[in-house]
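Visitor: I would like to learn how to read a structure like this one. Could you show it to me and take me through some features?

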Amino acid sequence: MLRLRRWVYLKSQLVFIFAKHFNPIPEWEVKGAISLHLWQDAEQSSWFRRRVTEMRTPPHHLDKTPDPALDAFMQELEHARSTMEFLVGIYRVLKPAIRAAYQQHLKDAHPIADHPTRRLIKFALEEEKEQIRWGEAAIEAMERHHATPEQKEALAAWETHLRTYLAAMGNINGEDGRIDATDLPTSRREQRKPTGIVPARDARFAHVWRSRGVVPDSSQPVHERLWWMMNVRLNEMHVSELIATVIADWRDQPWEFYHDLARHLWDETRHCMLGEVAFASQGIDITQIPTHIGFAEYPNRELAPAERYAFLWGIEQGLMTKTGKQAEVALAKAGGDERATVFQDFDWADEVLHASIGRRWLEPHFKTREAMLAVYDRIRPAYDQMKVEDLKLAGRDWWPDFYAKHLQQRDPNLGNT
């Protein structure tokens, strides 16, 4: 029972650590991977929470630390100072230890008496192995291309630092011999680490703006508007970057709230990946396409967490009309594009779910649907004005030249290219 309670706490805290670091991480591929891992960890926490409640004498207060030493380790991990430290801490120290803890429980637990727990562990273990494989590959790639000998030495010291804190908590299950707390290296927890609110992009992205640019109007050919729609999908990373701050900053909510928002975040990154797949099918390097961060940056800077999410919900609720997601699917069909039609159909289904998630959690906070809409109506003009100011800057009308150069002469069917 204590093992499961520790796993619940670790997995829950990992969700918050991923969310807190999400915006400052500039590497696109890392954002994509941790979007999935954040949701998977939220899922695993929920699985084990439910299993704990099935036991005869379940412990209460699952969101309180079961061990101060465990909390100390997680707070050190939270204070990673770079993407490389973040990856090493999670994928080279913590997750391999979690994998070993799961494997130990499979050895210890009776295959019939504790079958329900063993079944959950087998699912969780497969995800953990996949995450670790990705993490090791990412660390090796970044070390090979970006790390100096001095940086590699510093990363090794950081890994040792975390392993010492891991030993002080008796490892994941808390059952190994513990080193004395007085032997721990100096903590990095001088102060609470703030949530990163401004989305970062690495040096490959030459154009980081606060608007998408000038939207093609309805008089443009279906083919062009279809590709613009793929550009909109590509830029949905900024939605994930908004949701991450809501997870990190809107505290003291029921665990189910964070679990739902973890799914919402992963869905938005999936939508972004759909756009990436579409452009990759044409041999286009997405880092050369202007990237839009204003949708996350403005709410993250200006609004409280609940208002950020209400603003997002207002937009998603508006997409439930015939001129919203239904029209996007119709555009893909009109373009004769099977792949884009599949992409937009799943995107539409996801957005229906997201609007429902928003209502589930925002209505109790704002009391009425009208109050939720009032928040959106108040915020939208200021957000639009921010975009108007951005569109006055040079280079914002980039799309016509980009389309003519890269897409106009291509096969109109994205799926068969």
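Predicted model: local features only at pLDDT ≥ 70, side-chain atom pairs only at ≥ 80, totals over all residues.

Visitor: How do I read two packed helices, and at what angle do helix 2 and helix 9 pack?

Guide: Two packed helices are described by the angle between their axes and the distance between the axes. Axes are lines fitted to C-alpha atoms, for helices over the stretch in contact, and angles run from 0 to 180 degrees between N-to-C directions. Helices (H or I, at least four residues) are DSSP runs, numbered from the N terminus. Here, helix 2 (residues 28-54) and helix 9 (residues 255-280) pack at about 150 degrees, with axes 9 Å apart. Helix 2 and helix 9 are therefore roughly antiparallel. Angles under 35 degrees count as roughly parallel, over 145 as roughly antiparallel, 65 to 115 as roughly perpendicular and the rest as oblique.

Visitor: Which hand does the crossing of helix 2 and helix 9 have?

Guide: A crossing is left-handed if the near helix is turned anticlockwise from the far one by less than a right angle, and right-handed if clockwise. Helix 2 passes helix 9 in a left-handed crossing.

Visitor: Which residues of helix 2 and helix 9 meet?

Guide: Contact means heavy atoms within 4.5 Å. On helix 2, the residues include Trp 28, Leu 36, Trp 39 and Arg 49. On helix 9, they include Trp 255, His 259, Trp 266 and Glu 276. The contact of helix 2 with helix 9 divides into 11 nonpolar, 6 polar and 4 charged residues. Ala, Val, Leu, Ile, Met, Phe, Trp, Tyr, Cys and Pro count as nonpolar, Asp, Glu, Lys and Arg as charged, and the others, Gly among them, as polar.

Visitor: How do helix 11 and helix 14 cross?

Guide: The axes of helix 11 (residues 305-318) and helix 14 (residues 369-391) come within 8 Å and cross at roughly 90 degrees. That makes helix 11 roughly perpendicular to helix 14. Among the residues in contact are Phe 311 and Trp 313 of helix 11, and Tyr 376 and Tyr 383 of helix 14. By class, this contact has 10 nonpolar, 1 polar and 4 charged residues.

Visitor: And what about helix 10 and helix 14?

Guide: The axes of helix 10 (residues 294-302) and helix 14 come within 11 Å and cross at roughly 125 degrees. Helix 10 and helix 14 are therefore oblique to each other. Their crossing is right-handed. Gly 294, Phe 295 and Tyr 298 in helix 10 meet Ile 379, Ala 382, Tyr 383 and Met 386 in helix 14. This contact has 6 nonpolar, 1 polar and no charged residues.

Visitor: Now for burial. Which residues of helix 12 are buried?

Guide: Buried means under 20% relative accessible area, exposed over 50%, partly exposed in between (1.4 Å probe, protein chains only). In helix 12 (residues 325-334), Lys 325, Glu 328, Val 329, Leu 331 and Ala 332 are buried. Seen down the axis of helix 12, they fall within an arc of 155 degrees, so they line one face. The arc is that of the directions from the helix axis to the C-beta atoms. On the other side, Lys 333 and Ala 334 are exposed. Helix 7 (222-234) and helix 13 (338-366) are among what covers the buried residues of helix 12.

Visitor: How many residues of helix 3 are buried?

Guide: In helix 3 (residues 68-78), 9 of the 11 residues are buried, so the helix is largely enclosed by the rest of the structure. Its buried residues pack against helix 1 (2-22), helix 4 and helix 6 (149-168).

Visitor: Is Glu 85 buried or exposed?

Guide: Glu 85 is buried, with a relative accessible area of 10%. Glu 85 is in helix 4 (residues 83-108). Not counting residues up to four places away in sequence, Glu 85 touches His 79, Ala 80, Leu 155, Trp 158 and Arg 188.

Conventions. Residues numbered from 1 in each chain as written. Heavy atoms only, no water.
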